[in-house]
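Please study the sequence and the structure, then work through each solution in order.

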Amino acid sequence: MELRVLKYFLIVAREENITKAAALLRITQPTLSRQLMQLEKELGVTLFRRSKHRIILTEDGMLLKRRAQEMVSLSEKTIWELSHKAELLSGEIAIGCGETRSMSFLSERIKLFQRECPLVQFSIYSATADDIKERIEKGVLDLGLLMEPVDIGTYEFFRMPQKERWGALVRRDSPLAARKSVSPEDLAAVPLLMAKRELVKNELASWFGDYYEQLKIPATYNLIVNAAMMVKSGIGAALCFDLGAIYKEELCFVPLEPVLETGAVLVWKKNQILSATVSRFIKCVKNAM
């Protein structure tokens with residue numbers, strides 16, 4: 001697959017119309033159609049369903065769109081880094097971040113770094129640790145701020161200074177809202193929204209002990225903002241960290257007892273040559289301690 005053809009494909013997927021896409025690309029419609037047909041033949045799949053007025057991506061087409069975006073982004077990033085080596089530090093640092101208060105610490109380092117290197121732009125991608133690790137492996141992300149437990153055997157890392165305390169996010173009208181803390185027994189009879197990651201589930205299972213088998217879990221989540229919406233709707237209480245800002249008047253965070261805490265690590269791939277910009281930022285973060 002040529003990058004040029006993948007870029008053609010992405011334009012067509014965005015416009016949902018070959019005529020419009022051809023005009024934007026300044027090539028003829030037959031030429032563009034021929035390129036797409038050759039791409040389908042090369043891959044052995046159908047990428048589009050065609051109608052009179054628009055084209056729609058098939059499942060294979062949607063998969064290729066995701067992968068093509070990653071490949072084109074990585075190509076452009078590489079070209080930028082190689083062509084700007086002799087200039088002042090510039091370019092983009094892509095960081096994947098979980099939902100954590102450690103982002104406050106990282107944000108302070110970003111602010112300080114941009115004072116020293118104003119031409120550098122940061123791209124922040126919010127997701128779970130598993131998703132972030134996958135994107136680091138593909139080269140789409142430079143760094144990842146990951147919540148433990150997480151396997152970091154293949155990464156260099158910097159441990160964040162702040163730990164997160166687990167608790168239950170409940171509605172203000174819940175009987176649990178008046179408590180200073182909640183125990184496994186307190187939560188055994190309450191519908192719970194739980195993080196989707198298996199490693200996190202295992203850690204919570206250890207905390208609940210024998211009560212874990214009694215739990216009712218109507219839903220799992222990967223982003224706490226969405227879970228908070230479900231808590232507001234009365235679906236259940238969410239097991240999560242205390243992130244403060246999203247817990248407005250309708251909700252209340254009650255810490256777990258016994259205390260359950262989780263650390264965070266900033267990671268990057270081992271044995272990988274980093275750009276001067278990323279290396280300088282990592283040094284900036286480490287020097288904060």
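**Exercise 1.** Determine which residue forms a salt bridge with R165, and where the two partners lie.

*Solution.* Step 1: R165 forms a salt bridge with E257, the closest N and O atoms being 3.5 Å apart; a salt bridge is a side-chain nitrogen of Lys or Arg within 4 Å of a carboxyl oxygen of Asp or Glu. Step 2: R165 belongs to strand β7 (residues 164–171), while E257 sits in the loop between β11 (251–255) and β12 (261–262), so that the pair links distant parts of the chain, 92 residues apart. Helices (H or I, at least four residues) and strands (E, at least two) are DSSP runs, numbered from the N terminus. Step 3: R165 is partly exposed because its relative accessible area is 28%, and E257 is partly exposed at 38%. Buried means under 20% relative accessible area, exposed over 50%, and partly exposed in between (1.4 Å probe, protein chains only).

The model is predicted: local features need pLDDT of at least 70 and side-chain atom pairs pLDDT 80 or more, whereas totals for chains, interfaces and linings use all residues. Residues are numbered from 1 along each chain as its sequence is written, and side-chain values use heavy atoms, with hydrogens and water left out.

**Exercise 2.** Identify the salt-bridge partner of K138 and state which elements the pair ties together.

*Solution.* Step 1: The partner of K138 is E70, with 3.4 Å between the closest N and O atoms. Step 2: K138 lies in helix α6 (residues 129–138) and E70 in helix α4 (residues 59–83), so the pair ties together parts that are 68 residues apart in sequence. Step 3: K138 counts as partly exposed because its relative accessibility is 29%; E70, at 13%, counts as buried. Step 4: R67, E70, E134 and K138 are linked in a network of salt bridges. The structure holds 18 salt bridges.

**Exercise 3.** Are R171 and D173 buried, partly exposed or exposed?

*Solution.* Step 1: The side chains of R171 and D173 meet in a salt bridge, at 2.8 Å from N to O. Step 2: R171 is partly exposed, given its relative accessible area of 30%. Step 3: D173 counts as exposed, at 56% relative accessibility.

**Exercise 4.** Find the helix that contains L43 and the surface patch to which L43 contributes.

*Solution.* Step 1: L43 is found in helix α3 (residues 29–43). Step 2: At 34% relative accessibility, L43 counts as partly exposed. Step 3: Together with M1, L3 and M71, L43 forms a nonpolar patch on the surface, with about 320 Å² of accessible area together. Patches are made of residues with over 30% relative accessible area and no salt bridge, like charges being joined within 9 Å and nonpolar side chains (Val, Leu, Ile, Met, Phe, Trp, Tyr) within 5 Å. Accessible areas come from the Shrake-Rupley method with a 1.4 Å probe; for residues, only the protein chains shown count as cover.
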